[in-house]
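I opened the model to look up a few residues and keep short notes on each. The entries follow in the order I checked them.

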Amino acid sequence: MTLRVALTGNVASGKSTVAERFRAAGLPVVSADEVAREVVAPGTEGLARIREVFGPEVIAADGTLDRARMRERVFSDPDARRRLEGITHPRIRAAVDRWIESRAAEGAPVVVAEIPLLFETGRDADFDRIVFVDAPAEERLRRMVDDRGLSAEVARGIMASQGDPEEKRRRAHHRIDNDGSIEQLHARADAVLDSLRASTGAAPESPPFAPERPAPDGWMRLDLHMHTRASWDCLSDPEKVLAHARRRGVERIAITDHNELWLAAEMAERHPESVIAGEEVKTAEGIDVIGLYLTEVIPKGTPAVETCRRIREQGGIAYLPHPYARGKGGGGRMADELAALCEVVEVFNARLHPGRLNDPAPDLATRHGCLRGAGSDAHTVGEVAGAWVEVPVHPNTPDGLRRALARGRVHGRTSSNFVHLASTWAKIRKKLPG
């Protein structure tokens, strides 16, 4: 069954940028604004009706609709605006509906319609999910004046003609705040996209791991969460871990042993382009927090907020793993509090059982404007690269990773339940003599 998604937002909020991000990720997207141009193109019934109602002065010399003149006309005259909408809205609606039905008939799991006046035209009830792109009013006004060349008076008139943003925020299923950088907007859009796909059971399309299928040119793959023999519940040799990751097409790994840093640091020194030195800290609250690019170990039992502070002080990246896992993730108990302190939220953990415990993580990342990470959480060599993020090639530095994750795409598959037996054996084996 096709999930019908409406993408909306008040003028100059950035919804077209989000639409393009969705389209680049492989989702079919239709723009009501583009359809609006088509239904009043030269030779159409719609343009003929506009000429009949508003006169030839709104038709340009080349036979197209003079949009600037039409805009001035309708935004200074509410009755004129209603007459125009009476001509265009039914035609736009019919064309968008035909497009959606065609994509659904083709079997698309998710289709997106970008509709600026979704609530104003009463179309919100026609969709399964509503995504609202939001931006501060003063910033939207600036964009219309500076970027689009409109007068402040016309821009304010356009803004006034649209519905209350607060009401739209309340009625939307997902909200994407466009109050930062373009990288942050992309990251928030990607998190919502992952949530939409997860609700249909359609995970992002994942290229197979195989030497003959490397990452696309200019891109690479990262596994940001795994363990070696320095962890109390793992026996994996770190060199074998790295070699296995490379065989599976993952060029860089983060070694994040439990409450230990020494072996990860050694590996990062031996393989500076391929290894990130990290630590998974068991905090005083019993919730795990990962630090990436660490130089000093953070003791087990350090309070979670203090752990995040110490990571930042080292110039590292605070990474929140499996935020909704039972036990080690607190079942989401501190998810929002810690996401507000972390730069990266792990939205897919391959070792999390049941796998649906990953589902709330993308929305958590969106709410707090966090970058999205993924990790195999491997405790055996065979699990390595069970989840990864595909990102642009970048220097192995904290800033490099931040920039890359802003454009990253998360992939992964849930590992077998039997992997936990290996962890149990590792705990027993380390207690045995020899």
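Entry one, a charged side chain. I looked up Arg248 in this predicted model and found Arg248 buried, yet without a salt bridge. The nearest side chain of opposite charge is Asp223, 7.8 Å away. What does the side chain of Arg248 reach? I noted the backbone oxygen of Gly382, at 3.2 Å. Arg248 sits in the loop between helix H10 (238-247) and strand E7 (252-258).

Entry two, backbone angles. I keep in mind that most residues other than glycine have a negative phi, and most peptide bonds are trans. For Asn259 I read a positive phi, near 55°. Asn259 is in the loop between E7 and helix H11 (262-270). Asn259 counts as buried because its relative accessibility is 18%, and the cut-off is under 20%.

His322 also has a positive phi, near 25°. I located His322 in the loop between strand E10 (317-320) and helix H13 (335-339). Is His322 buried or exposed? At 1% relative accessibility, His322 counts as buried.

I found the bond from His353 to Pro354 to be cis, with omega near -5°. Pro354 belongs to the loop between strand E11 (344-349) and helix H14 (361-368).

The chain has a mean pLDDT of 89, and 96% of its residues reach 70 or more. Over residues 203-212 I noted pLDDT below 50, with 24 contacts in the model beyond near neighbours in sequence. Where pLDDT is low, the predicted coordinates should not be read in detail.

Note on methods
Residues are numbered from 1 along each chain as its sequence is written. This is a predicted model: local features need pLDDT of at least 70, side-chain atom pairs count only at pLDDT 80 or more; totals for chains, interfaces and linings use all residues. Side-chain values use heavy atoms; hydrogens and water are left out. Helices (H or I, at least four residues) and strands (E, at least two) are DSSP runs, numbered from the N terminus. Buried means under 20% relative accessible area, exposed over 50%, partly exposed in between (1.4 Å probe, protein chains only). Lys and Arg count as positive and Asp and Glu as negative; His and the chain ends are not counted. A salt bridge is a side-chain nitrogen of Lys or Arg within 4 Å of a carboxyl oxygen of Asp or Glu. A polar contact is a pair of N or O atoms within 3.5 Å; within protein, one must be able to donate a hydrogen and the other to accept it, and residues adjacent in sequence count only if both atoms are side-chain atoms. pLDDT is the predictor's confidence in each residue, from 0 to 100. Contact means heavy atoms within 4.5 Å.
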